[in-house]
Amino acid sequence: MIKETGGPVILIAEDDELSRRNLADLLEQWGYRVDAVTDGREAMDAAVANHYDLVITDLRMPRVDGLGLLRFLKEMNPDFLVIVVTGYGTVPSAVEAMRMGAFDYVTKPLREDLVELAVQRALSYGKLREENIALRDHLREKYDFGNMIGYSDPMKKVFEMIEKVSSTDSTVIIYGESGTGKELVAKAVHFNSERKNQPLIPVNCGAIPEDLLESELFGHEKGAFTGAIRTKLGRFELAQGGTIFLDEIGDMSPALQVKLLRVIQERNFERIGGLKTINADVRIIAATHQDLERAVEEKRFREDLFYRINVIPIHMPPLRERGPDIAILANHFLRKFNKSKKKNVTELDQGAMKHLMSYSWPGNVRELENLVEMLVVVKGSGRIEVSDLPDKIVKSQSDPVLTSLEFPENGFDFNEKIESVEREYLLKALEKSGGIKNQAAKLLKLNRTTLVEKLKRFNIRGGN
Ligand SMILES: Nc1ncnc2c1ncn2[C@@H]1O[C@H](COP(=O)(O)OP(=O)(O)OP(=O)(O)O)[C@@H](O)[C@H]1O
Ligand SMILES: [Mg+2]
């Protein structure tokens, strides 16, 4: 039989030479790689020096016996997989071995089929466990990114970007629809950067009234304007040494865009009404749901500012493009709200999950989070079924045309598209009704005259 290099490696500890050779031959025939030693002491040395997927050990051996070896291995790594071989008079020890964490035992004289079964079971158990461990590590890694969950390919890319940009001081801009997690990304970048012990100061450029925004950003001196009764530090000053998060930067007024550009270029600013120039040691992270390039084209956003801000773009994928993440996030929110609302909703059943997976999620992760909160609160306990879901989620799925809609990168001619879809359906209806307009009209729930008008418009010649 072919020896598989790279396959599992098994260590045999057995003092009787014939038994050792027979067992080694068998395992090799099955394609495993084998090391064989003659007592527990040697086995210990070998286990320290090499990696083994499985150890098969006799119980009665000189120097260190099987139980001694088992204890040693388990101390070294509790996950060590060990099968013990018991002969006459060592059955009680086999029981003891199982208690100490042996995976299995086989009795002498060895029966090939039973040995094979035990080995296969042990190795596949080990493999499963390995995968579980990998999953756990993966989770831990993701939690480092501020509780951001994501296993889908587009989210993996986002995580990679976060990792890369965190160690730098570069300006980052996060693009994405509402609710896709832009703020979480900003936090992840900051808290994985060297500035993590300094403040992260958010500014919602869209929500602060225009005439206050300048003072919010740069602060003001006492008496700088009516109402400025004391000196106030702006967000740039508060963020010293840390990061400023300019949320919804696309909504900034033209006048403020100029001022921001100046700070970014010169790395300093003044408080309103102040004479002192303040150095700005601040990293900038911006976010927007807008297409800034288009905003530049439409002259709503300064081109020079755009190039200063658009240094490292991170694009957040909409939830509907994250496939498996929808289910994982739904379950994550289920656990979260069960806990915080002290409810006991056990699960989303398969049917319900299917609908969640195919819904379009215009509000993205936030919409999903809100929905699960509502479901947990309203349902309270038991499991969530399709009938618990709001209509908009259940209904949206039934139309395959809508779920297969594609949106080309560079946009498309809306009117042309709609017309070609209309035309296509008219032709299909005629085809189905064998050219009979009355029937075609019925299929399309149109009245006959409307249908006829449309056919005329599209130059389609029907039957009668
Ligand atoms: N990957 C994720 N894992 C877990 N929770 C997430 C994830 N993405 C977003 N959320 C949650 O969804 C909600 C919306 O996220 P966030 O506020 O970061 O989105 P946003 O893109 O900034 O939205 P908006 O454009 O509306 O400001 C938050 O409650 C956030 O905790
Ligand atoms: Mg946000």
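Predicted model: local features only at pLDDT ≥ 70, side-chain atom pairs only at ≥ 80, totals over all residues.
The domain assignment divides the protein into domain 1 (9-135), domain 2 (156-162 + 183-315), domain 3 (319-401) and domain 4 (414-457). Between the C-alpha centres of domain 3 and domain 4 there is a separation of 37 Å.

Five strands make up an open sheet with parallel pairing, in the order β7-β10-β13-β6-β14. Its edge strands, β7 (200-204) and β14 (312-315), each pair on one side only. On average, neighbouring strands of this sheet are turned by 20° against each other, direction ignored.

Strand β10 pairs with β7 in the parallel sense over five bridges. Strand β10 (residues 243-247) also pairs in the parallel sense with strand β13 (residues 283-288), over five bridges.

| Residue | Bridge partner | Strand of the partner |
|---|---|---|
| T243 | R283 | β13 |
| I244 | I284 | β13 |
| P202 | F245 | β10 |
| I56 | I83 | β4 |

How many residues of β10 are buried? Five of the five are buried, so β10 is largely enclosed by the rest of the structure. The side chains are divided between two directions: T243, F245 and D247 point one way from β10, whereas I244 and L246 point the other way, and all are buried.

**The sheet containing β1**

A further open sheet of five strands has the order β2-β1-β3-β4-β5, and its pairing is parallel. Here the edge strands are β2 (33-37) and β5 (104-107), each of which pairs on one side only. Neighbouring strands of this sheet are turned by 20° against each other on average, with direction ignored. Within the sheet, strand β3 (residues 54-58) pairs with strand β4 (residues 82-86) in the parallel sense over four bridges.

Two helices accompany these strands. Helix α1 (residues 17-29) lies across β1 (9-13), β2 and β3, and runs at about 170° to β2. Helix α2 (residues 40-49) packs on the sheet and touches β1, β2 and β3; the direction of α2 makes about 160° with that of β1.

**Residue I384**

Strand β16 (residues 381-384) includes I384. Is I384 buried or exposed? With 23 other C-beta atoms within 10 Å, against a threshold of 20 or more for burial, I384 is buried. Leaving aside residues up to four places away in sequence, I384 touches V345, L348, D349, A352, L375 and K379. The C-alpha atoms of I384 and S358 are separated by 17 Å, and the two residues are 26 residues apart along the chain.

Definitions and conventions:
Residues numbered from 1 in each chain as written. Chains lettered and ligands numbered in written order. Domains from an automatic or database assignment. Buried ≥ 20, exposed ≤ 12 C-beta atoms within 10 Å, placed from the backbone. Contact = placed C-beta atoms within 7 Å. Pairing = 2+ DSSP bridges. Axes fitted to C-alpha atoms, helices over the stretch in contact; angles between N-to-C directions.
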